[in-house]
Amino acid sequence: MLFDTHCHLYDAAYDADRPAVLERACAAGIGRMLCPATDRQSSEACVELARHYDGIYAAVGIHPQEAGRVQPGDIEAIRRMAEQEPAVVAIGEVGLDYHYDTPARDTQKEIFIEMIGLARDLDLPIDIHDREAHGDTMEILRRYGKGLRGVFHCYSGSLEMTTELIRMGFYFGFTGTVVFPNSKRAKQVASRIPMERLLIETDSPYLTPPPYRGRRNEPAYVRYVAEEIARLRGLDVEYVTSQTTANGLQVFGIAEDV
Ligand SMILES: [Zn+2]
């Protein structure tokens, strides 16, 4: 069984054929999917999907790109969902994204720190988005993240950063970008991280791996990530599959048979 630990199943890209996408995922052996939110509305949508489909779980939270659009009551609503909905297994995706100039870095940091507080209060793992913001992400985790556990999704850090994060208790998600022929650093890091901290994900509908690059991504394609990691590490794909699934169940506290 495969576990796609990061797929935006509520995205409008699936509005026309969501049941078919989920059926293909099932047929491809994807037994678990974690659907991460980016704001209050998508948090509600993730919870809704997780309520209706076996094997789908939700993360609720505010993505750094949405940090400037938070309305009064949004954070309280997210807290309530995380407290009351059994399908919510993490706070995410939250973090910092310095690829674009907006929203202001201070706004992003403020919301990130607030989301870390929520994860700690509720004793939930955190699903971190860190794009071109390694320095500040680490500084905030060192300062506010004591006792926190979780995942760096679409991990792009160095081996040095990895060592510190392993000590802090984090796991590392790899997407279809690791399959791209020119992703040298991601391939290097994915081949060196301890197997028991490795996760696979699609970040659907984005980051589609070859051979479907350029088209819409979907959870069924997470097997291309598993195959590439197996190739990089000289392992059987069955072993990569079962180990990454076990890791995902472990970090998100999901029972094996549901
Ligand atoms: Zn995402």
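Donors at a metal are N, O and S atoms within 2.8 Å of the metal (3.2 Å for Na, K and Ca), and because water is not among the atoms, sites may look incomplete. The views below come from a predicted model, in which local features need pLDDT of at least 70, side-chain atom pairs count only at pLDDT 80 or more, and totals for chains, interfaces and linings use all residues. Residues are numbered from 1 along each chain as its sequence is written, and side-chain values use heavy atoms, with hydrogens and water left out.

**View 1. Four residues coordinate the zinc ion.** Let us start at the metal. The angles among the four donor atoms run from 84 to 171°, and the site is irregular. Along the sequence, the donor residues follow the spacing H-x1-H-x84-E-x109-D. Glu-93 in strand β4 (residues 88-97) and Asp-203 in the loop between β8 (198-200) and α8 (222-233) link distant parts of the chain, 110 residues apart. Here helices (H or I, at least four residues) and strands (E, at least two) are DSSP runs, numbered from the N terminus. Glu-93 is buried at 3% relative accessible area, and Asp-203 is buried at 9%. Buried means under 20% relative accessible area, exposed over 50%, and partly exposed in between (1.4 Å probe, protein chains only).

**View 2. Eight parallel strands make an open sheet.** Their order is β1-β2-β3-β4-β5-β6-β7-β8, where two strands pair if DSSP finds at least two bridges between them. At the edges, β1 (2-4) and β8 each pair on one side only. Neighbouring strands are turned by 25° against each other on average, direction ignored; axes are lines fitted to C-alpha atoms, for helices over the stretch in contact, and angles run from 0 to 180 degrees between N-to-C directions. Zooming in, β3 (residues 56-60) and β4 pair in the parallel sense over three bridges, and Ala-59 stands opposite Ala-90 in β4.

**View 3. Aromatic rings pair up in this model, with a count of eight pairs.** Rings of Phe, Tyr and Trp (its six-membered ring) pair if their centres lie within 6.5 Å; planes under 30 degrees apart count as stacked, over 60 as edge-to-face and the rest as tilted. Phe-152 and Phe-170 are edge-to-face, with 5.5 Å centre to centre and 80° between the planes. Phe-152 belongs to strand β6 (residues 150-152) and Phe-170 to strand β7 (residues 170-174), so this pair ties together parts 18 residues apart in sequence. Phe-152 is buried at 1% relative accessible area, and Phe-170 is buried at 1% as well. Tyr-212 and Tyr-221 are stacked, because their centres are 4.3 Å apart and their planes at 5°. Tyr-212 is partly exposed at 24%, whereas Tyr-221 is buried at 15%. Ring pairs also link Phe-152, Tyr-155, Phe-170, Phe-172 and Phe-174 into a cluster.

**View 4. Two arginines sit over aromatic rings.** Arg-213 lies over the face of Phe-180, 3.6 Å from the ring centre. The charged end of Arg-223 is over the ring of Tyr-224, at 4.6 Å from its centre. A charge sits over a ring if NZ of Lys or CZ of Arg is within 6 Å of the ring centre and within 35 degrees of the ring normal.

Methods: Four donors count as tetrahedral if all angles lie between 85 and 135 degrees; four count as square planar and six as octahedral if opposite donors are over 155 degrees apart and all others between 65 and 115; anything else is irregular.
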